[in-house]
Amino acid sequence: MTTSSSALQPVIVGAGPAGVRAAEALVAHGVRPTVVDEASRAGGQIYRRPPASLAQRSAQALYGFEAGRADAVHAAFDALREHIDYRPDSLVWNAHGGRLDVLHGPTRSTSSVPFGQLIVATGATDRVLPVPGWTLPGVYTLGGAQVALKFQGCAIGQRVVFMGTGPLLYLVAYQYAKAGAKVAAVLDTARLADQLAATPAMLRQPAVFAKGVYYVAWLRAHGVALHRGVRPLRVLGDATESRVAGVAWHDGREERTLACDAVGVGYALRSETQLADLLGCRFEFAPLHRAHLPVRDAAGRSSVGGVYLAGDGAGIMGADAAEWAGERAALALLVDHGVAVDPARAETLERKLHKLGAFREGLERAFPVPSDWAAQAPDELVVCRCENITAGTLRQSVAENGTDEMNRLKALSRVGMGRCQGRMCGVAAAEILAHATGLPLQQVGRLRGQAPIKPIPIQLAVREPAEGAGA
Ligand SMILES: Cc1cc2nc3c(=O)[nH]c(=O)nc-3n(C[C@H](O)[C@H](O)[C@H](O)COP(=O)(O)OP(=O)(O)OC[C@H]3O[C@@H](n4cnc5c(N)ncnc54)[C@H](O)[C@@H]3O)c2cc1C
């Protein structure tokens, strides 16, 4: 089928590295996309821009080694502004019948955005595995701690412990310490042996590997205590249990504690896949990501005609890959609608994306999800904080009802039924269910995406009932 480029009606959800490069490629081929992003400024997570009122910090101060790439992505987007229909502050909370339901945050107004083609570039959030005490004020995800620093220019506490695993663990600790915050310790659940074994694979991207080594060396040189192979035990509260006062962990030999007033915790990232789910994309379990992900071909085509997937929203591959995947998906969209593109460029992008695979495998091996997390989670641990559902309640559901599938577990226990719709607790609940049933993680399934995919004022959903909206 041949379509004139002006007859296309593409919408891109997400103005991170993937969305920006997708928009750029479409514009370069004479197409004017609509770009919808819930953030107030383009850049996505890694290249998040502070509000104009706080924008005195240099790119170097905000993005460190990534300053050059951040500037390049921001400049590319700024140059596109005349050629795209940009909708900032606009949350896509539902998708149905070729339209997106959008909430404009500042005005609380809603709109319905039609699309002919859709590029979903919705990025990722932290993978959360709770620890007793994680609901105390003063506990943040690693990503949340970084957003506070990058966007608002503030630290989450005066004396901060970072805990969990993943590349973000050391990066955020480095960024905090570099910005002048007191980092009391970095507690990594991965063992040094994991990281050494993964080194050959990670050396496939020597520059990225070198940055990781630098962060660790810098933290050590600046007196930050680094402990590997730990098992987090609990976040300790103050006398009134009204805020964080410390952390306790096991170092393999004994229990240890450390005083702090804030904790950043996370276990790498999980893809934001709900929109792809509402659009009907087929999902498969991806062992590398330990998650069910929407299936895409090497060019970013999903299983649904006209829907393309790019960036971390379809599997965590990092910011450089997001840029390449965004551009590649846009080229696929153009080709699918009869617009000529440079096939050599498409091939180059696919080759670069393919080459990253071995490195990503290395990263997952270097920072594995703790295999004993579910076994160690005490019954009283709150897994779903929206609905206050504990690990014990989930286990009880398995024991009493024979529950062995995530959506059934949700129906019976209410896990994942609250404001976050399982975005925060879904990973942990699946780990508990797999452990309690003895089934492999892929067999317990995933929570189906439901509208609204992120919290919206309830009266808006009532005023504008939409197909597929439900609990
Ligand atoms: C909190 C956080 C911090 C990170 N920090 C770093 C870092 O410092 N260094 C590093 O190398 N990597 C970092 N990463 C990973 C890195 O951000 C990603 O690899 C990269 O940004 C992926 O680009 P992307 O375009 O796929 O997604 P993102 O950059 O995440 O962009 C996705 C965009 O989609 C928008 N969006 C999502 N859902 C909706 C919706 N429903 N409606 C409207 N808009 C929506 C978001 O507002 C966002 O702007 C971080 C990730 C997270 C989650």
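Reader: Which atom of the ligand does a polar side-chain atom of D312 lie 2.6 Å from?

Author: Start with the general idea: a polar contact is a pair of N or O atoms within 3.5 Å; within protein, one must be able to donate a hydrogen and the other to accept it, and residues adjacent in sequence count only if both atoms are side-chain atoms. Here, the D312 side chain has a polar atom 2.6 Å from an oxygen atom of the ligand. Q146 also takes part, with an N or O atom of its side chain 2.6 Å from a ligand oxygen. I46 uses its backbone: a polar atom there is 3.3 Å from an oxygen of the ligand. Keep in mind that this is a predicted model, where local features need pLDDT of at least 70, side-chain atom pairs count only at pLDDT 80 or more, and totals for chains, interfaces and linings use all residues. Residues are numbered from 1 along each chain as its sequence is written, and side-chain values use heavy atoms, with hydrogens and water left out.

Reader: Okay, and how many residues surround the ligand?

Author: For this, a residue counts as near if one of its heavy atoms lies within 4 Å of the molecule. That gives 33 residues around the ligand, and the closest are A18, D37, V92, Q146 and D312. Sorted by type, the shell has 16 nonpolar, twelve polar and five charged residues. In that sorting, Ala, Val, Leu, Ile, Met, Phe, Trp, Tyr, Cys and Pro are nonpolar, Asp, Glu, Lys and Arg are charged, and the others, Gly among them, are polar.

Reader: Which domains does the shell around the ligand draw at least three residues from?

Author: Domain bounds come from an automatic or database domain assignment. The protein is split into domain 1 (5-125 + 270-339), domain 2 (140-267) and domain 3 (373-444). Domain 1 and domain 2 each give at least three residues to the ligand shell.

Reader: How far apart do the C-alpha centres of domain 1 and domain 2 lie?

Author: Those centres are 29 Å apart. Contact means heavy atoms within 4.5 Å, and here 13 residues of domain 1 and nine residues of domain 2 take part. Buried area is the accessible area (1.4 Å probe) that two parts lose on being put together, summed over both. Between these two domains about 940 Å² is buried, with carbon and sulfur atoms giving 57%. On the domain 1 side, R48, R57 and F65 lose the most area to domain 2, together 47% of what that side buries.

Reader: Which residues does a cis peptide bond join?

Author: Look at A451 and P452, where omega is about 0 degrees.
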